[in-house]
Amino acid sequence: MGILRSLLSLRLASLLVLLMAIAAPAFSQTEEDPGQALLANLADASPRQMDAAIEAIVNSGDPRARSWLDAFGNNRLSRNKDTGQVVVVLRNVGRDWTIADPLTGENLGEISRRELDRVNINNAIRGKLEGVLAMLDLYSTNPEIQRAAAEAMMGKVNEPVIEPLNKLLEQDLPPRVRDRLELAVAIYQLEQGDAQAKAEAITVLTGSLHSRARAALNNAVAGDDPAIAASAKAALVSIEQKLKMNRAAETLYFGLSLGSVLVLAAIGLAITFGVMGVINMAHGELIMLGAYTTWGMQQLLPGQPGLALILSIPAGFMVAALAGIAIERSVIQYLKGRPLETLLATFGISLILQQLVRTVISPLNRSVTTPEWMSGSLVINDALSLTLNRLYVIGFALVVFAGLMLIMRKTRLGLEVRAVTQNRAMARSMGIKATRVDIMTFALGSGVAGLAGVALSQITNVGPNLGQNYIIDSFMVVVFGGVGNLWGTLVAGLTLGTINQILEPWAGAVLAKIMVLVMIILFIQKRPKGLFPQKGRAAEG
Amino acid sequence: MSIKKHVKLGLSALALSVSFHAMAAEDPIKVGILHSLSGTMAISETALKDTMEMLIEKQNEQGGVNGRMLEAVVVDPASNWPLFAEKARELLEKEKVDVIFGNWTSVSRKSVLPVVEELNGLLFYPVQYEGEESSENVFYTGAAPNQQAIPAVNYLKNELGVERWVLAGTDYVYPRTTNRILETYLKDMGVAEADIMINYTPFGHSDWQSIVSDIKTFGSAGKKTAVVSTINGDANVPFYRELGNQGISSSDIPVVAFSVGEQELSGIDTGPLVGHLAAWNYFMSVDNDANYDFIDAWVEFKGDDKAVTNDPMEAHYIGFNMYVEAVKKAGTTDVEAIKEAIIGVAVPNLTGGIATMMPNHHITKPVLIGEIQDNGQFSVVWETSSTVAGDAWSDFLPGSRDLIADWRAPMKCGNFNVKTGSCGASAGEQALADAE
């Protein structure tokens, strides 16, 4: 009941949550600040006393309570070994940490980490703390905070908060918040309530796709009351029905998203290999360069990962395109018409580029920050949410594809490229500078690889091995789609991605990969030119 | 050359010249370093090479060992397993090193084993591994499964009340063996088959969408669920990212990892990972003066304020100090003498305890469970009350239950079967047989 009382007393206080950091201390220097004792109590608490210590802080009704608990939850409360003072660590990187006084908010400067003793928090306590904080936030006037709090209450309802929750439910609440809280209460009732409450709870939970609701129903099925178990089972069956649809949609989304990554990685190759016929084993490393450009951009613009990412799109294209030109001029142009030697030479280049990155930058992966607007997911319903970063990648892949299509179909360069690849001698005699076209085409393909790198930096590791992981897949997509056909690459990438994601859940990731590979080999046996073979005179060229 | 020096020094410095004689007469102790500096494993192994160079430098500043300086001989096996064997042969035959510190992956160790046994070398192996091995010529300073996996599972079960288990790993020998051990262990504790989900992924797996979604579904069956992850290196970053994106927080489904350390975390934004767990025998954040001194020395050596330390580095620290102590104790670098002297050698570790070399060539280690923090470090939430001795042969695998390893006379055997009373093939022969 302690928490209950405190919650009521904090209703007003919680309005001040945002002002907390600058809240002026209400105590003169001579008067002992009760906060000091509360924090010391928390710092000294054994794991079993933690609950009581947290409760005491909430109970105190102190306007700074929220900021203390936040700091505690974020692992930022420490104790000065010498003075015993509890401090908030503002910056905990390196040898000297910046600390502040939790009572006054005053910055106490830097102190060696050897002098600090962290106030321990673990998963179990953090879980409880999240519940307590969510309960506070439910009274927030900020609808965003309130909604997040309602979301967090799922599965965290316990005996002391049930009464205030019911009171809250009597008030006027936004529908989303009400819906969440009713579910949360129902889950609690199903687990702890009497027979009637359980029966009512099952009615509320029927149709809910939330995983916690399913967990509670599953437990009820295993419970001792046969009537409850039966109705819980019925509820689960109806939920499963709904889930099936969602799962299918989810798999499709996963497939499209993996497919779009494959398309991005392969589409540059579709130009250099597909159109020009150059087997470029360093294609993966051009992708890697694009990813490193993103990292470099973020280093140049600290604190603005979003802007850096957007600027990386042209920058990544340029860096990879220039690298591509360098490779074309220095090696590939001398090996024209000798595919085996081109393969070996470009493989060598790929190793050189990898080792170059290892030596110059670091063998370790670089951390690329995901901008705020790209993290998290778009929630369709409780069982289906689309991860935002992948949604952006799908969009980006389509935009890049459309752009390339435009260049190849509607521009002078595209026309020249097609002319040169169909009949080099004829094109030259028509006044097309074949060498220039070669350079431009290779730069275009390489630049697109750089774009893929920018996108991949949001999904996978940015490290020296990045390219290696995609080179085989890229060739696979291009060959499967039909060499020289951009549409083929798009369709092949999306198809392979989807097939892979359908196979993965029941065959396992390793076997799924093998099966896809075998499938492609069989397919190529039947149709050696891929999904969309080149037709007409170009095919013979 | 010594005559020239004498002229230079003059006769007055008699004492000095005597000590100089002693120094010059003895060749340096050659320490072979067999870590990949290029290729895929360079990400992990480069730091270990640097650690060894730093330890050797520090030891030389203190005058070396027994009046002899140490000299590092660095080779690059380039993440290429057969090349590991060739480079080991080069170190032992051509460079005539006294000891080798090296390897990361189990497959590279298996490739080196026959060589060090044939040429009677010494190898210190610093990485946590699957066990099921004890060679006369290898000292395992990383954790065996009973020093990492089993205590971590106990923690999840007892402290977090976990009843449903996902064993997720990369598809190679270490995760497969560890998961086999864990599966038997869990079943022995009464966990039902249906409450264990096992999943393997290829190296460098980057598309975790459907697997994470599966884990989410598996975790909604009403029982507290945890993921025990033996996912290797690079694949972890996209895995954790996907967990965050699909909204799985550490208080819903905690993940305990055996291959994620400070170095792996330095490549990611750890904000969404706060609260996920790792089990190691060392964390950079351990509050201990010896540890802080080690970190300070490392930061200075690397000239990088952000340089991190990790568990295998501590293992090399312990292994190196054990070797130094053994050389002091034996008074020589003779391999046979060292093998005898090193058993029982005890040196301080970096977490405030003592590491002792056991007769099975494994060492005693504390087991720590840490939670990921937002600064890329771990905070220790649990540790064993005392150190745990490494067990070469797991008690939870049918074939290995009856085997023990003891390299003291008179047994001198790495896989003595207590039931039949016989000693099997050596680890190197075993590795060769498996390879064929």
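Predicted model: local features only at pLDDT ≥ 70, side-chain atom pairs only at ≥ 80, totals over all residues.
1. Overall form of chain B. The secondary structure of chain B comprises 14 helices and 19 strands. The C-alpha trace of this chain extends over about 85 × 55 × 40 Å when laid along its principal axes. Its radius of gyration is 23 Å, which agrees with the value near 22 Å that a compact globule of 436 residues would have.

2. Burial and contact range in chain B. Of the 436 residues in chain B, 56% are buried. If one takes the contacts in chain B between residues at least 6 apart in sequence, 68% of them join residues at least 24 apart.

3. Domains of chain B. Chain B is divided into two parts, each built from two stretches of sequence: domain 1 covers 2-143 + 289-362, and domain 2 covers 146-287 + 369-389. The centres of the two domains, taken over C-alpha atoms, are 31 Å apart. Their contact draws 22 residues from domain 1 of chain B and 19 residues from domain 2 of chain B. On the domain 1 side, at least two residues each are supplied by H3, helix H5 (106-118), helix H11 (289-302) and helix H12 (311-330) of chain B, and the largest share, three residues, comes from H3(B). By class, this side of domain 1 of chain B has nine nonpolar, nine polar and four charged residues.

4. The interface between the chains. The contact between the two chains involves 48 residues of chain B and 53 residues of chain A. On the chain B side, the elements that each supply at least two residues are helix H3 (42-61), strand S7 (196-201), helix H8 (209-218), helix H9 (236-245) and strand S15 (378-383). Among these, H8(B) gives the most, with six residues. Sorted by class, the side of chain B that touches chain A has 13 nonpolar, 25 polar and 10 charged residues.

5. A helix pair in chain A. How do the axes of helix H15 (residues 388-410) and helix H16 (residues 412-422) of chain A cross? They come within 5 Å of each other and cross at roughly 70°, and since angles of 65 to 115 degrees count as roughly perpendicular, H15(A) and H16(A) are therefore described as roughly perpendicular to each other. The residues that meet are Ile407(A), Met408(A), Arg409(A) and Lys410(A) from H15(A), and Leu413(A), Gly414(A) and Val417(A) from H16(A). These residues divide into four nonpolar, one polar and two charged.

6. Two helix residues of chain A. Phe273(A) belongs to helix H11 (residues 226-275) of chain A and counts as buried, because 22 C-beta neighbours lie inside 10 Å. Apart from neighbours within four places in sequence, Phe273(A) is in contact with Val278(A), Ile279(A), Asn280(A) and Val478(A). The C-alpha atoms of Phe273(A) and Val479(A) are separated by 9.6 Å, although these residues are 206 residues apart along the chain. Glu151(A), in helix H6 (residues 143-152) of chain A, is partly exposed, with 17 other C-beta atoms within 10 Å.

7. Backbone features of chain B to inspect. Most residues other than glycine have a negative phi, and most peptide bonds are trans. Against that background, a cis peptide bond joins Ala409(B) and Pro410(B), with omega about 5°, and Pro410(B) lies in the loop between strand S17 (403-406) and strand S18 (413-417) of chain B. Asn66(B), placed in the loop between H3 and strand S2 (70-75) of chain B, has a positive phi near 50°. With 14 C-beta neighbours inside 10 Å, Asn66(B) counts as partly exposed. Glu132(B) also has a positive phi, near 60°, and is found in the loop between strand S4 (123-125) and strand S5 (138-140) of chain B. With 22 C-beta neighbours inside 10 Å, Glu132(B) counts as buried.

Note on methods:
Residues numbered from 1 in each chain as written. Chains lettered and ligands numbered in written order. Contact = placed C-beta atoms within 7 Å. Helix = DSSP H or I, 4+ residues; strand = E, 2+ residues; numbered from the N terminus. Nonpolar A, V, L, I, M, F, W, Y, C, P; charged D, E, K, R; others polar. Rg over C-alpha atoms; globule rule 2.2 N^0.38 Å. Buried ≥ 20, exposed ≤ 12 C-beta atoms within 10 Å, placed from the backbone. Domains from an automatic or database assignment. Axes fitted to C-alpha atoms, helices over the stretch in contact; angles between N-to-C directions. Parallel < 35°, antiparallel > 145°, perpendicular 65-115°, else oblique.
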